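Open the model in your viewer and keep the sequence panel beside it. We will take a walk from the whole chain down to single residues, with something to select at each stop.

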Amino acid sequence: MKILVIGATGTIGKAVYDSLIKEGEEVYGAHRNSTDYPVDITDSLSIENLFKKLPKLNAVINAVGTATWKPFSELKEEDYYVGIKSKLMGQVNLVHVAQNYISDNGSITLTTGILAEHYEPNAVGLSLVNGAIQSFVMAASNELQRRIKLNVVAPGAIIGDFPKDKKFADHFPIPIEEVIKLYKESIHKSDTGQVLKKY
Ligand SMILES: NC(=O)c1ccc[n+]([C@@H]2O[C@H](COP(=O)([O-])OP(=O)(O)OC[C@H]3O[C@@H](n4cnc5c(N)ncnc54)[C@H](OP(=O)(O)O)[C@@H]3O)[C@@H](O)[C@H]2O)c1
């Protein structure tokens, strides 16, 4: 399979990239500061330019997207727009572009997280965009053509980035291996419009 992993140097993206390479897949790793495959998901033109230089792909995985961490009382309108521009519209625009470049039966997998349905202090901005992405995937997956699948992986906090014995959003952090499994499930199963959760 030819697979694009965006965010290939991050906690999740690198682990997914390395695991797919180990399985013998043809994997392309992209991120903002990449020499070979630079991309900024907040810029649709940059996403389009990335796809133009890649061969026809069977799967696209996005493990990129940020939002503002602040207490609700300090959040200003422009703070929300950080997450809307990056994690929300970055992933929405990726789907718009990727659908034109991937093969029949191909798959697109986005990333949200536990904060879509569990509370953590200072994370209202992330909860907002995670929830919106999951609703977007539920709806947009019905309209993709050529049997292209659209799913989203929603991990809990990952051990290493967070201490394993300290609860985050009322759940203990999880091993990265459990998260890698979900991205592979999204690529290999025929389901679409799914939120694959682990927390
Ligand atoms: N880590 C966790 O515990 C956890 C848990 C649940 C959900 N999540 C979610 O999973 C996603 C990835 O998290 P992570 O912890 O793996 O991130 P990370 O370690 O901060 O890595 C981010 C990756 O994305 C790239 N990147 C950043 N901004 C970009 C942009 N605008 N366009 C293209 N590439 C960009 C970075 O490389 P460059 O700097 O070179 O661009 C890097 O490869 C996030 O949406 C996060 O909310 C993470």
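A residue counts as buried when its relative accessible area is under 20%, as exposed when that area is over 50%, and as partly exposed in between. Keep those cut-offs at hand for the stops below. Please also keep in mind that this is a predicted model.

**Stop 1: the whole chain**

Start with a cartoon view of everything. Trace the chain from the N terminus and the elements come in the order β-α-β-α-β-α-β-α-β-α-β. The radius of gyration is 16 Å, close to the 16 Å that the globule rule gives for 199 residues, so the protein is as compact as a globular protein of that length. Along the principal axes, the C-alpha atoms fill a box of roughly 45 × 35 × 35 Å.

Buried residues make up 48% of the 199 residues. If you display contacts between residues at least 6 apart in sequence, 67% of them join residues at least 24 apart.

**Stop 2: helices H1 and H5**

Select residues 11–22 for H1 and residues 176–188 for H5. Two packed helices are described by the angle between their axes and the distance between the axes. Here the angle is about 65 degrees and the axes are 10 Å apart. The crossing of H1 with H5 is right-handed.

Show side chains next. On the H1 side, the contact is made by Thr11, Ile12, Ala15, Val16, Ser19 and Leu20. H5 contributes Ile176, Val179, Ile180, Tyr183, Lys184 and Ile187. Colour this contact by class and you will see 9 nonpolar, 2 polar and 1 charged residues.

**Stop 3: Ser186**

Stay on H5 and pick Ser186, which lies in this helix. Is Ser186 buried or exposed? With a relative accessible area of 1%, Ser186 is under the 20% cut-off and therefore buried. Leaving aside neighbours within four places in sequence, Ser186 is in contact with Ser107, Thr109, Lys149, Asn151 and Leu196.

**Stop 4: Gln134**

Move to helix H4, residues 124–140, and select Gln134 there. What does Gln134 touch, not counting residues up to four places away in sequence? Its partners are Thr112, Gly113, Ala116, Val152, Ala154 and Val195. Gln134 has a relative accessibility of 13%, so this residue counts as buried.

**Stop 5: two loops with positive phi**

Finish with the loops on either side of H4. Asn122 sits in the loop between strand E4 (102–111) and H4. Phi of Asn122 is near 75 degrees, a positive value in a residue other than glycine. At 34% relative accessibility, Asn122 counts as partly exposed.

For the other loop, select Arg147, found between H4 and strand E5 (149–155). Arg147 is likewise a non-glycine residue with a positive phi, near 55 degrees. Is Arg147 buried or exposed? Its relative accessible area is 56%, which is over the 50% cut-off, so Arg147 is exposed.

Definitions and conventions
Residues are numbered from 1 along each chain as its sequence is written. This is a predicted model: local features need pLDDT of at least 70, side-chain atom pairs count only at pLDDT 80 or more; totals for chains, interfaces and linings use all residues. Side-chain values use heavy atoms; hydrogens and water are left out. Helices (H or I, at least four residues) and strands (E, at least two) are DSSP runs, numbered from the N terminus. Buried means under 20% relative accessible area, exposed over 50%, partly exposed in between (1.4 Å probe, protein chains only). Contact means heavy atoms within 4.5 Å. Axes are lines fitted to C-alpha atoms, for helices over the stretch in contact, and angles run from 0 to 180 degrees between N-to-C directions. A crossing is left-handed if the near helix is turned anticlockwise from the far one by less than a right angle, and right-handed if clockwise. Ala, Val, Leu, Ile, Met, Phe, Trp, Tyr, Cys and Pro count as nonpolar, Asp, Glu, Lys and Arg as charged, and the others, Gly among them, as polar. The radius of gyration is taken over C-alpha atoms; the globule rule is 2.2 Å times the number of residues to the power 0.38.
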